[in-house]
Amino acid sequence: MKALVAVKRVVDFNVKVRVKSDGSDVDIDNVKMSMNPFDEIAVEEAVRLKEAGKVSEIVAVSIGGKKCEDTLRTALAMGADRAVHIETESAVEPLAVAKLIKAVAEKEQPQLLLLGKQAIDDDANQTAQMLAALLNAPQGTFAGKVVLENGEVLVTREIDGGLETVALKLPAVISTDLRLNEPRFVKLPNLMAAKKKPLEKTTPAEWGVDVAGRLKTLSYAEPKARQAGIRVNSVEELVAKLQAAKVI
Ligand code: AMP
């Protein structure tokens, strides 16, 4: 069984994001970039399924600028077998990403499509759902546990009230939540070995997808600085403060 994993290159989660002085964009000059953390979890899950003998091949796909190659090499070092880079320097919105992944899926015919639940740069939380709709495939979003058995996949999802398990027919789209697994540390020898794994270079046009933006960003701004909090010494004092602030 083949698994397709989508990996996005984003500003590293440890970086405090800055806005350009003219408010036109987020400043990513000289900023550390990494694989989106939820996508690392997606790759890790695919690799674990392969190690368990349930998946035979893992294909990683990334859409974006030239440097996405580094992100794909990381996926290959973690255990993916092949990579597909769809190179474009323009910002690509979730719908265009979903269309591109659909095109790759039509060629590769994976039974499992693993994505992160959200990219930590746009925080859209849309791509997996759009992809499932475009493929007319079942979806299990916010996966905290994935079990492949009897030709279907059981996805335990984190929902507001607790956990829910859904059984999906294959091929299925899964988006990963934080608790699914803890991704392995990528060792240098694996990174070196990953350089020899196949990485296919393509463009959106080759997949027949128009990636022109449909959204217009008016401006970017830093959130307002929060006021410092205060420390109270007793529950009585806390209640008095909350009453004074008309919270209770
Ligand atoms: P989003 O809907 O933008 O929050 O992204 C959700 C997930 O879609 C990410 O965690 C990735 O798995 C995938 N994804 C989004 N954008 C890209 C991209 N440019 N390249 C590869 N995968 C992507």
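Predicted model: local features only at pLDDT ≥ 70, side-chain atom pairs only at ≥ 80, totals over all residues.
**A protein chain and its ligand**

User: Okay, and how many helices and strands does the chain have?

Analyst: Its secondary structure comes to six helices and 13 strands, and the C-alpha trace spans about 65 × 45 × 40 Å along its principal axes. Of the 248 residues in the chain, 41% count as buried.

User: What about contacts between residues that sit apart in sequence, what percentage join residues at least 24 apart?

Analyst: If you take the contacts between residues at least 6 apart in sequence, 70% of them join residues at least 24 apart.

User: Where does Val55 lie?

Analyst: Val55 lies in the loop between helix H1 (37–51) and strand S6, and, leaving out residues up to four places away in sequence, Val55 touches Met1, Ala3, Ala46, Leu49, Lys50, Leu112 and Leu148.

User: Is Val55 buried or exposed, then?

Analyst: Val55 counts as buried because its relative accessible area is 4%, and buried means under 20%.

User: Switching topic, how many residues does the largest nonpolar core have?

Analyst: That core has 35 residues, and the ones with the most contacts inside it are Val5, Val43, Leu112, Val153 and Ile174. Among the elements that each supply at least two residues of this core are strand S1 (2–6), helix H2 (68–78) and strand S12 (172–176), while H1 gives the largest share, with seven residues.

User: Now the ligand: which residues come nearest to it?

Analyst: There are 18 residues around the ligand, and those that come nearest are Asp39, Ile63, Ala119, Asn125 and Thr127. By class, this shell has eight nonpolar, seven polar and three charged residues, and strand S6 (57–64) and strand S8 (112–116) each supply at least two of its members. S6 gives the most to the shell, with three residues.

User: How far are the polar backbone atoms of Ala124 and Asn125 from an oxygen atom of the ligand?

Analyst: For Ala124 the distance from a polar backbone atom to a ligand oxygen is 3.3 Å, and for Asn125 it is 2.7 Å. A backbone N or O atom of Ala119 also lies 2.7 Å from an oxygen atom of the ligand. The protein covers 98% of the 490 Å² of accessible area that the ligand has on its own.

User: Last one, what does the side chain of His85 reach?

Analyst: The side chain of His85 reaches the backbone oxygen of Gly64, at 2.9 Å. His85 has its place in strand S7 (residues 82–87), and His85 counts as buried because its relative accessibility is 0%. Leaving aside neighbours within four places in sequence, the contacts of His85 include Ser62, Lys66, Cys68, Leu72 and Thr202.

Key
Residues numbered from 1 in each chain as written. Heavy atoms only, no water. Helix = DSSP H or I, 4+ residues; strand = E, 2+ residues; numbered from the N terminus. Buried < 20%, exposed > 50% of the residue type's maximum accessible area, 1.4 Å probe, protein only. Polar contact = N/O pair within 3.5 Å; in protein donor to acceptor, adjacent residues only side chain to side chain. Contact = heavy atoms within 4.5 Å. Near = heavy atom within 4 Å. Areas by Shrake-Rupley, 256 points an atom, 1.4 Å probe, with all protein chains shown as cover. Nonpolar A, V, L, I, M, F, W, Y, C, P; charged D, E, K, R; others polar. Core = buried A, V, L, I, M, F, W, Y, C linked by side-chain atoms within 4.5 Å.
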